[in-house]
Structure formats: structure tokens, C-alpha cells
Amino acid sequence: MSRAVPTLIYNPGGPEEQVFVIGDTAVTIGRAEDQAICIPHRSLSRSQARIEPSEGRFFIVDLQSKNGTYVNGARIQRREIRSGDTITLGDLDLLFTVDAESSTSTSLRPQAIRPLTHTAIDRLVGETRPGSAGGRPSAEARLQILIEVANLLPVSDDIDTLLRKVLDLIFQILDVDRGVILLVNEATGRLDRRAVRTSQPLPDDEPIFSQNIVDYVLRKSVAALFADAVLDPRLDAARSVVAQSIRASMCVPLKPKDDIIGVLYVDNLSAAHVFTEPDLEFLVAFAGQAAVAVKNASLYRRLERETVERMQLVLDAKLASLSGMVAGIAHEIRNPLNFMNNFADIAAELARDLVEDLRAQEARLDPGALARIEENMAQLRESMGRITQNGRRADAIIKRMLQHARRPSGERAMADLNAVVDESVRLARAGAQGGDLDVRVVAAYDPGIGSVEMARLDMGRVFLNVVDNALYAMRQKKRDRGAGYAPELSVRTADQGEQVEVRIRDNGVGIPSNVAARIFEPFFTTKPPGEGTGLGLSLSREIVVQGHQGTMRVEGEEGEYTEFVITLPKREDTALPSRA
């Protein structure tokens with residue numbers, strides 16, 4: 001049987017530790033003797049603050065004190081407090097905890113605990129001196145490490161690299177055998193192992209931290225030091241401590257503000273009492289800065305993702321508007337166009353019928369007049385044929401415009417980029433009109449790329465459009481050069497760290513500089529009337545740049561080659577699986 005026991009702890013883990021139990025009624029705190037919690041310290045007002053229980057929740061109210069009341073560094077008038085919050089009254093820090101009190105089991109009691117509040121630099125510097133016993137690092141070295149952590153604070157979205165650097169710095173300053181950083185998975189609420197460092201190689205399946213100690217730190221929301229964990233009788237139930245032969249350990253929550261986002265755990269397997277209370281003080285200050293850096297990196301990545309999503313919505317809206325416009329144009333044009341095509345066919349049939357009727361009356365007509373009439377009828381049939389041919393070409397243009405304006409689902413997911421590019425090349429070659437172009441394809445796909453986050457259908461359309469243009473350019477050059485020309489299409493992908501690059505190059509008619517400057521403009525095309533809409537590359541660039549936060553550019557030389565270069569961010573956030 002257990003019940004929640006709210007307490008205030010003054011100087012937790014220190015020789016002057018005092019624990020004040022808060023009951024079910026409001027209690028006041030101050031230096032006057034009539035206060036429910038009396039702490040005779042000159043920085044406190046006679047009546048400083050009041051803690052009010054309310055249906056299982058607790059609130060602290062400032063009583064117009066001279067130095068103010070603070071919760072986790074923020075000045076308040078009235079605020080709800082939670083277990084693990086640090087309450088600052090005057091110059092004093094008190095730790096507020098709400099624990100389950102049980103008569104059937106004993107709880108962990110580390111050698112020292114510390115509230116998660118800012119540690120003054122002079123306090124850290126005063127803990128050690130250069131050349132101190134035991135070869136401990138100097139205060140200057142500790143301070144330098146904190147400065148290095150502060151240099152990590154500029155916004156970055158590479159969380160895993162940041163975490164590895166944090167562990168590297170810890171190994172420089174403390175006598176650590178193993179270190180691990182666990183972060184809370186926002187989707188599951190569980191701790192995931194994100195960064196690990198050990199002084200000696202360990203098997204992949206070997207646990208690298210004590211789950212019992214981590215749970216204690218999370219529950220209490222305090223930093224904890226265990227001087228000799230394996231021999232501590234209070235850790236009998238912690239099998240991980242015994243099995244791993246953990247001698248000394250420290251564990252600190254990563255708490256940039258109100259919520260814990262993870263845990264920093266270090267231990268030593270060879271010697272007990274290698275960590276001291278000054279070490280714990282340093283680790284608290286270190287973890288505080290690291291937590292801010294991790295939070296900044298998470299916020300940066302979230303902001304970047306939201307920006308991409310907003311730009312994707314803008315792109316969808318623009319393309320939807322274009323689709324509506326094209327559909328309207330097609331509706332208005334198709335009706336008269338159909339009439340033109342139909343009447344052209346009818347006129348051609350009538351001309352043929354008229355010629356046949358005249359031939360039936362050939363004996364009654366003047367031969368010269370009949371010849372002139374037949375010649376005019378032939379010209380009329382030829383004109384009707386050209387009207388029908390161009391009408392069908394106009395209809396094909398409308399269909400292409402509708403295809404360009406039609407939007408796929410646009411759903412983003414991890415996809416094999418090499419497979420998407422290869423499929424687009426095969427589809428473009430299969431769909432190319434005419435069999436007079438034998439193209440040699442030189443493909444070099446980087447196997448290290450792996451999966452890339454993308455809207456697969458959108459990007460497939462981009463690559464298909466680029467390859468279509470390449471085939472057209474090579475077909476034009478083939479007609480000019482004849483058999484002496486060998487068409488070649490080069491397709492390459494490359495892993496460039498946080499992004500990937502796709503290069504599609506043809507040795508067709510090339511591209512002059514004045515055309516390259518306008519190639520991505522809507523409705524700009526170098527193809528003859530009726531063979532291009534000028535929308536393909538414009539929409540492709542919007543999909544790449546606005547829809548995927550990538551880049552798309554063209555390089556080339558007139559008469560020699562054209563090369564499109566597309567880069568895409570990977571945007572992959574991998575996490576190591578958690579192990580206890």
C-alpha cells in the first residue's frame with residue numbers, strides 16, 4: 001500500500017539536508033517562527049510563499065516577498081509545481097518531490113542528489129584546483145569543457161552528432177568507462193538510446209546502463225550519484241547493477257525547461273568512489289547546457305519540417321489553381337475544336353462524294369472544266385486533312401497540359417532513390433515515340449544512398465520529364481548528324497552526406513546560355529509549336545525546390561551536351577534501439 005508524499009528538500013544530498021513534508025492543507029514558508037515551514041535565513045521574507053494542495057495538484061503562491069519566488073528559474077506569482085521542480089526562495093534552492101511512500105519496499109538512496117538548477121561558475125571553479133590529488137582535472141579544464149558545450153548551442157538539426165560530441169567531452173573530463181544518452185521518443189513516450197561511448201569495445205547485445213538508476217532519476221527528477229552501486233544493499237533488486245558490475249555511477253535528467261527530454265548516464269566498472277559530489281555538480285551544469293543544445297536541435301528540425309510542409313501546401317494550391325485553369329481552358333477550347341475536326345472530316349467526305357458524282361457525269365461535262373474541278377476538289381481535301389491534323393495536334397496539347405496539371409497524392413515517405421530514378425529512365429525510353437533512336441544508357445547509382453524522404457510520384461514525374469527532354473534533344477541531333485552520331489544518356493546518383501545528388505546528362509543538341517537562363521520559366525519551350533507546352537520543367541523545379549527543399553539547375557554547351565543536376569535532402573532521423 002502506498003500513497004503520494006509531497007516534500008520540500010533543502011540542500012538535498014548535503015550534510016545540512018532538511019526534508020519538509022507537506023500535508024493536505026496549505027503551508028506557508030518563511031523565516032518567521034510562526035510559519036509552517038520555518039527556515040531562518042536572512043534572504044527570506046518573514047512570510048515568503050505558500051504551497052496550496054488542490055485535488056492531487058500543488059500550487060505555490062508568492063506572498064509579496066522582497067526577493068521574489070522562482071520556479072525553475074522563472075519568477076512567479078502563482079504557479080503549479082510538479083515533482084522535480086526547483087523552487088528558489090531568496091538565496092535558497094529547495095527541491096519539490098512527490099513520491100510514493102511504501103512500507104513493503106525500500107527505495108534507492110544515492111550518496112548525493114542535486115536539484116536541476118543553474119550552478120554558478122564560481123562554485124564549479126571553487127570545487128577543484130590545478131594539480132589536485134588523484135590527478136583530477138583542474139577547474140580551468142572543467143570550465144573549458146563547459147565553454148565547448150556552449151559552442152554547440154548554435155542551431156543545428158544534426159542531433160546524433162551533437163550527442164556523440166557531448167559524450168566525447170565527458171570522457172575528456174571524468175573517469176568514465178561507459179556513457180549513454182537516452183532521449184524520450186515523442187511518438188511512444190519511451191526512452192530510446194541515441195548515443196553511446198565506451199572505453200572498451202562491448203558486445204552489441206550487452207546492456208550499458210542500469211535501468212533501476214535511470215528510473216530513479218526520472219521519477220525523482222534529480223541528478224544522482226552512487227559511489228559504489230554494486231555493493232550498495234539498497235540496490236539488491238537492481239539485477240542490472242550486479243550483472244554489469246557497476247561500481248560508481250552518475251545519472252542526470254536532460255531538462256531544458258519544464259519537461260524531461262532524456263537522461264545522461266555515466267559509470268565506472270573498475271573502481272568505487274571515483275565520482276565525487278563536485279563531479280555531480282559539474283555533470284548537472286554540463287547536462288543543463290547539453291539539454292538546451294538538444295532542444296534547440298529538435299526545434300530547428302521541427303521548424304524545418306513545418307516549413308517544408310507549408311511550402312508543399314503552397315505548391316499544391318498553386319498546382320490545383322493551375323489545374324482548374326487548364327481544365328477551364330480545355331473545356332472552352334475542346335468544344336469548338338471538336339466541331340472543327342468533325343466538320344473537316346465531313347467536308348472531306350463531301351468532296352470525295354462530289355468528285356465521284358462528277359465522274360459519273362463525265363460524258364456530259366467539258367473535259368477541261370472537269371479537270372479544273374477535280375484539281376480544286378483535291379486541294380479542298382488536302383486542306384481538310386491539314387485542318388484535321390492540326391486539330392488533333394491541338395487536342396494532344398490540351399491532354400498534355402491536363403497531365404502536367406494533374407497532381408499525385410504528394411505523400412512523403414522514405415523511398416529508394418536509385419529505384420525511382422531507374423524506373424523513370426525505363427518508362428521514358430519505353431514511352432518514346434518512334435524506334436529510330438538507339439540510346440546507350442550509362443548508369444552509375446551510388447549504393448550508399450539508401451532511402452530518401454520524398455513524394456515518390458512527384459519525383460518520378462520530375463525524372464521522367466528530364467529524361468523525356470533528353471531523348472527529344474538526342475533525336476533532333478540524330479536527324480541532323482545521321483548515322484555518325486551515337487546518342488548517349490548518362491544517369492548518376494551520389495551520396496553527399498545530408499543530401500543526395502542526381503545528374504542526368506545527354507549528348508544531344510545542347511543548350512545555349514540565353515535559353516538556359518529561361519528554361520524553368522512557365523510556358524517557355526524551345527520545341528516547335530504543337531510539340532511542347534513549356535510547363536514540364538517549370539513544374540519539375542517547383543516540385544524539387546518548394547516541395548522537397550532541394551535544388552535543380554541546368555548546365556550545358558550548345559551542340560555538345562545538356563545536364564540537369566538535382567539535389568535532395570535525405571531528412572532521415574534514425575535512432576538506435578533502446579536497451580536496458
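Two strands are taken to pair if DSSP finds at least two bridges between them; strands (E, at least two residues) and helices (H or I, at least four) are DSSP runs, numbered from the N terminus. The structure is a predicted model, so local features need pLDDT of at least 70 and side-chain atom pairs count only at pLDDT 80 or more, while totals for chains, interfaces and linings use all residues. Residues are numbered from 1 along each chain as its sequence is written, and side-chain values use heavy atoms, with hydrogens and water left out.

On that basis, strand E21 (residues 488-495) and strand E22 (residues 499-506) pair in the antiparallel sense over seven bridges. Asp495 has Val500 in E22 as its bridge partner. Both strands belong to an open sheet of five, ordered E19-E21-E22-E24-E23, with mixed pairing. Strand E19 (440-444) and strand E23 (551-557) stand at the edges with a single partner strand each, so one side of each has no neighbour in the sheet. From one strand to the next the twist averages 10 degrees, with axes being lines fitted to C-alpha atoms and angles running from 0 to 180 degrees between N-to-C directions.

Turning to the helices, H4 (residues 211-220) has Ile213, Val214, Tyr216, Val217 and Lys220 as its buried residues. Down the axis of H4 these fall within an arc of 160 degrees, so they line one face of the helix; the arc is that of the directions from the helix axis to the C-beta atoms. After H4 comes Ser221, with a positive phi near 55 degrees.

Leu350 lies in helix H6 (residues 277-360) and counts as exposed because its relative accessibility is 54%. Together with Phe339, Phe343 and Ile346, Leu350 forms a nonpolar surface patch with about 450 Å² of accessible area. Patches take residues with over 30% relative accessible area and no salt bridge, joining like charges within 9 Å and nonpolar side chains (Val, Leu, Ile, Met, Phe, Trp, Tyr) within 5 Å. A salt bridge is a side-chain nitrogen of Lys or Arg within 4 Å of a carboxyl oxygen of Asp or Glu, and areas come from the Shrake-Rupley method with a 1.4 Å probe, where for residues only the protein chains shown count as cover.

Terms used: Buried < 20%, exposed > 50% of the residue type's maximum accessible area, 1.4 Å probe, protein only.
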